[in-house]
Amino acid sequence: MRRIFLPALLGMLVATGVADARVPSAPRLQSPASGVSLEALPTFTWAAVAKATAYQFQLAADPHFGAIVASQLGKGSIETTNIAATPEKAVPNGTYYWRVRTISGKTSGPWSATRTLVKAWSATPQLLGPNGNTVNWPAQPLVFSWSSVPYAVRYQITLATDPSLANQVLGSTQSPIITQGTVLTPSAPLTTGTYFWAVTPLDAEGHKGTRSPVASFSYVWPTATTTAFSNLNAAQLLEDDPQFSWAPIPGAARYEVEVNSAEDFPPGSKWCCAGTTIGTTITSMRPLANNR
């Protein structure tokens with residue numbers, strides 16, 4: 001009778017492809033399906049393995065799992081006793097790879113087959129206004145509004161004087177205007193002209209989504225007013241003590257007044273007045289020379 005020692009028998013079993021019963025098998029991945037494209041990371045699930053005490057889940061940006069994007073307590077994987085895992089942080093758009101292995105006591109099983117996932121957050125805000133119209137300030141307030149985007153927690157609004165949004169007038173490239181709502185009213189009025197704007201959604205980690213199309217509008221501040229002139233020294237025939245007045249202009253905080261001896265107001269011929277005034281009347285402290 002031939003005798004076979006136990007170590008040799010185990011070696012024969014391994015050599016013939018018989019699995020070691022002490023090593024847990026790899027979990028069978030369930031969802032999401034490999035290659036699926038989603039707006040946000042889903043809940044990853046797999047089938048339970050007999051005698052498993054825990055599972056290790058890995059999500060990476062490369063097929064060799066060198067760039068782990070979902071970890072737990074500084075480790076390169078998420079360890080759970082459940083058969084599902086949900087990453088806590090949002091990730092940028094791109095292709096990701098995930099796998100799971102079983103833990104039984106202090107023994108780790110082989111990794112499951114690798115599946116891929118495409119994160120493609122492509123929802124775009126719809127600009128509600130202003131868009132293609134004229135804003136007559138201050139009778140018509142300037143209010144930017146847009147539709148909400150799923151998975152967005154904040155929005156970045158860009159306002160510029162050119163269609164490429166290079167010459168920004170609200171915020172800057174380094175310090176953009178960001179709001180949590182879908183409505184924004186600028187704190188200061190704009191200069192009369194044509195403006196272009198767009199909105200970019202941001203997720204919880206600050207990753208940018210797809211920017212909206214660029215919209216444009218005209219901004220106008222009607223400043224027409226009526227003026228009047230009177231002589232405070234009515235006893236004199238000469239108008240040597242003039243007072244200038246005008247109708248108030250909605251939206252104006254102060255006024256600049258100029259009295260000139262030439263109709264086209266050239267430099268060097270200004271007689272009055274220095275600085276600005278918050279009222280709607282002004283009297284020159286300097287006598288006017290004989291002229292028109």
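Me: How do the residues of the lining of the second largest pocket divide into nonpolar, polar and charged?
Reply: In this predicted model, the lining of the second largest pocket has 10 nonpolar, 5 polar and 3 charged residues.

Me: And how much space lies in that second largest pocket?
Reply: About 440 Å³. Of the 18 residues that line the pocket, Thr225, Thr227, Trp246, Glu256 and Val257 are the closest to its centre.

Me: Which strands each supply at least two residues of that lining?
Reply: Strand E20, residues 227-231, and strand E21, residues 242-246, each supply at least two.

Me: Switching to sheets. In what order do the 3 strands of the open sheet with E1 come?
Reply: The order is E1-E3-E7, and the pairing is antiparallel.

Me: Which ones are the edge strands there?
Reply: Strand E1 (29-31) and strand E7 (84-85). Each of these edge strands pairs on one side only.

Me: How many bridges join E3 to E7?
Reply: 2 bridges join strand E3, residues 44-46, to E7, and the two run antiparallel. Across that pairing, phenylalanine 44 stands opposite alanine 85 in E7.

Me: Different spot now. Where is glutamine 156 found?
Reply: Glutamine 156 is in strand E14, which covers residues 154-160.

Me: Is glutamine 156 buried or exposed?
Reply: Glutamine 156 is buried, because its relative accessible area is 12% and the cut-off for buried is under 20%.

Me: What does glutamine 156 touch, not counting residues up to four places away in sequence?
Reply: Glutamine 156 touches Pro176, Ile177 and Ile178, then Ala198, Val199, Thr200 and Leu202, and also Lys208.

Methods: Residues numbered from 1 in each chain as written. Predicted model: local features only at pLDDT ≥ 70, side-chain atom pairs only at ≥ 80, totals over all residues. Heavy atoms only, no water. 1 Å grid on protein atoms, 1.4 Å probe; cavity = no way out; pocket = protein on both sides within 12 Å on 5 of 7 lines; lining within 4 Å. Points joined across faces, edges and corners; volume = space filled by probe spheres on them. Helix = DSSP H or I, 4+ residues; strand = E, 2+ residues; numbered from the N terminus. Nonpolar A, V, L, I, M, F, W, Y, C, P; charged D, E, K, R; others polar. Pairing = 2+ DSSP bridges. Buried < 20%, exposed > 50% of the residue type's maximum accessible area, 1.4 Å probe, protein only. Contact = heavy atoms within 4.5 Å.
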